[in-house]
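Good morning, and thank you for coming.

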Amino acid sequence: MIAVVLIGTGNVAQNLFQVLATNPDVDIRQVIGRKKAHLNFALGTTKVATDLKEILPADVYILAISDEAIPLVSKEIEGIKGLVVHTSGGTSLASINNHTRCGVFYPLQTFTKGKMISFEAIPLCIEAKQSQDLQLLKKLGVALSKTVVEIDSEKRKALHLAAVFVNNFTNYLYSVAEDICEENEVDFNLLKPLMKETVAKLDDLTPLKAQTGPAKRGDQKTLHTHLSLIKNKQQRDIYTLLSNTIKSTYGEKL
């Protein structure tokens with residue numbers, strides 16, 4: 001059984017806690033957070049603390065905290081025995097290099113407050129300074145997920161960048177689409193089957209081959225009609241930029 005102390009109380013920490021606390025191969029000994037009120041999700045299941053000086057012994061210490069806080073907390077627990085890992089996609093292993101035993105345990109998924117996600121299908125990207133610790137992270141990873149991948153800091157940063165494109169930027173475009181629907185009194189839910197199929201077909205096609213729409217086929221009439229319907233300048237600029245980018249990949253500019 002792997003003994004774990006979880007540091008953090010945010011979305012990632014809460015999701016990790018749920019999967020760790022219910023796994024028979026893991027003993028989650030403690031959750032540490034800055035504010036007592038934020039530790040309610042762990043009360044009754046394990047020990048909690050608000051002071052890092054009260055940290056308990058463990059095999060793995062998981063820093064599920066903001067990128068900015070990682071080196072600060074890492075310094076506060078310097079000298080602790082056990083493997084110290086963070087869960088950030090965009091932060092290098094070097095940020096916690098003050099520990100002899102350090103690593104990364106990055107779940108590649110979007111986490112939202114109040115929504116618990118099954119870890120079984122979440123890719124876990126791992127890295128460690130020492131080979132024996134990499135094996136420990138693999139053991140912990142396979143207890144939670146079907147996909148555990150060893151990846152170094154530079155490649156993980158690139159993966160995190162790609163994730164921003166497929167998740168954060170895409171979700172923002174969903175919000176733009178929702179605004180357009182509301183402005184024109186159209187039900188946004190009508191778009192959800194299209195959104196799901198856009199992702200589903202990537203199981204069979206590359207994104208380059210899956211591209212459709214007026215920009216790809218060079219339908220100038222439809223493109224200009226759409227632009228005439230968009231009242232918000234920022235949205236017009238986004239539409240024009242994306243259409244021109246697609247057209248430069250497949251053909252002429254807008």
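How many nonpolar, polar and charged residues are in the lining of the second largest pocket? By class, that lining has 15 nonpolar, twelve polar and one charged residues. Here Ala, Val, Leu, Ile, Met, Phe, Trp, Tyr, Cys and Pro count as nonpolar, Asp, Glu, Lys and Arg as charged, and the others, Gly among them, as polar.

Before I continue, a word on the model. It is a predicted one, in which local features need pLDDT of at least 70 and side-chain atom pairs count only at pLDDT 80 or more, while totals for chains, interfaces and linings use all residues. Residues are numbered from 1 along each chain as its sequence is written, and side-chain values use heavy atoms, with hydrogens and water left out.

I return to the second largest pocket, which holds about 720 Å³ of space. A pocket is defined on a 1 Å grid over the protein atoms alone, as an open set of points where a 1.4 Å probe fits, with protein on both sides within 12 Å along at least five of seven lines; lining residues have an atom within 4 Å of a point. The volume is the space filled by probe spheres set on the points, which are joined across faces, edges and corners. Of the 28 residues lining this pocket, Tyr106, Pro107, Gln109, Thr110 and His160 lie nearest its centre. Helix H1 (11-21), strand S6 (102-107) and H4 each supply at least two lining residues, and H4 gives the most, with eight. Helices (H or I, at least four residues) and strands (E, at least two) are DSSP runs, numbered from the N terminus.

The largest pocket contains about 2600 Å³ of space. Its lining comprises 50 residues, and those nearest the centre are Thr170, Leu173, Tyr174, Gln211 and Leu242. Elements giving two or more residues to this lining include H4, helix H5 (192-200) and helix H9 (233-250). Again H4 stands out, as the source of the largest share, 15 residues. By class, the lining has 30 nonpolar, 15 polar and five charged residues.

Let me turn to charged pairs. Side chains of opposite charge can pair when their charged atoms come close. A search of the whole structure finds seven salt bridges, each being a side-chain nitrogen of Lys or Arg within 4 Å of a carboxyl oxygen of Asp or Glu.

One of them joins Asp133 to Arg101, with the closest N and O atoms 2.6 Å apart. This pair links distant parts of the chain, 32 residues apart: Asp133 is in helix H3 (residues 131-144), and Arg101 is in the loop between strand S5 (83-86) and S6. Asp133 is buried, with a relative accessible area of 1%, whereas Arg101 is partly exposed at 29%. Buried means under 20% relative accessible area, exposed over 50%, and partly exposed in between (1.4 Å probe, protein chains only).

Another salt bridge pairs Lys233 with Asp237, their closest N and O atoms being 2.9 Å apart. Why are these two separated by about one helical turn? The reason is that Lys233 and Asp237 are four residues apart in helix H9. Lys233 is exposed, with a relative accessible area of 58%, and Asp237 is partly exposed at 40%.
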